[in-house]
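Here is a short report on one protein chain. Please read it alongside the sequence and the 3D view.

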Amino acid sequence: MFNNADIERQYKKASRSMIIGLIGLIVALALLAVSVGRTVYNISKAEHLNDAIVAYYNDGELKKDRIAYLDTTGFYQVASYGDDLGYYIAYDDDYYYIISI
């Protein structure tokens with residue numbers, strides 16, 4: 001049957017597995033927190049696509065690390081023929097855009 005040495009060995013093996021699992025869980029939670037924080041930071045820096053376009057035409061240069069968003073309520077494919085399937089009309093509450101993805 002079982003003796004104390006076998007039980008102690010199995011207990012240590014289970015304890016090691018639990019500790020490794022907890023370390024993995026802590027690392028995963030830390031990476032999740034970093035990614036959520038980075039996403040919140042990027043969202044706070046983002047500007048509307050129309051503001052980015054206006055700034056581009058006023059400044060005459062495309063700035064690096066500029067993040068723009070387009071809050072679309074409608075999105076459908078248009079101006080496509082053959083292999084050229086990448087043009088869409090996207091629109092939000094104020095503007096219409098022809099975009100390529």
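The report covers confidence, fold, surface and salt bridges.

**Basis.** This is a predicted model: local features need pLDDT of at least 70, side-chain atom pairs count only at pLDDT 80 or more, and totals for chains, interfaces and linings use all residues. Residues are numbered from 1 along each chain as its sequence is written, and side-chain values use heavy atoms, with hydrogens and water left out.

**Confidence.** pLDDT is the predictor's confidence in each residue, from 0 to 100. The chain has a mean pLDDT of 79. Of its residues, 73% reach 70 or more. Helix 1 has the highest confidence, at 92. Strand 3 (residues 74-77) has the lowest, at a mean of 56. Where pLDDT is low, the predicted coordinates should not be read in detail.

**Fold.** The chain has 2 helices and 5 strands. Their order from the N terminus is α-β-α-β-β-β-β. Helices (H or I, at least four residues) and strands (E, at least two) are DSSP runs, numbered from the N terminus. Helix 1 spans residues 4-45.

Contacts (heavy atoms within 4.5 Å) give a further view. Among those with a separation of 6 or more, 15% join residues 24 or more positions apart.

**Surface.** Buried residues make up 12% of the 101 residues. Buried means under 20% relative accessible area, exposed over 50%, and partly exposed in between (1.4 Å probe, protein chains only). The chain exposes about 8,700 Å². Carbon and sulfur atoms supply 60% of that area. Accessible areas come from the Shrake-Rupley method with a 1.4 Å probe; for residues, only the protein chains shown count as cover.

A nonpolar surface patch covers about 1,100 Å². Its members include Met 18, Ile 19, Leu 22, Val 36 and Val 40. Leu 29 also belongs to the patch and lies in helix 1. Patches use residues with over 30% relative accessible area and no salt bridge; nonpolar side chains (Val, Leu, Ile, Met, Phe, Trp, Tyr) are joined within 5 Å, like charges within 9 Å.

**Salt bridges.** How many salt bridges does a search of the whole structure find? It finds 2. A salt bridge is a side-chain nitrogen of Lys or Arg within 4 Å of a carboxyl oxygen of Asp or Glu.

| Pair | N to O distance |
|---|---|
| Arg 9 and Asp 6 | 2.5 Å |
| Lys 12 and Glu 8 | 3.6 Å |

Arg 9 and Asp 6 both lie in helix 1, 3 residues apart, about one turn. Asp 6 is partly exposed, at 23% relative accessible area. Lys 12 and Glu 8 also both lie in helix 1, 4 residues apart, about one turn. Lys 12 is partly exposed at 46%, and Glu 8 is partly exposed at 47%.
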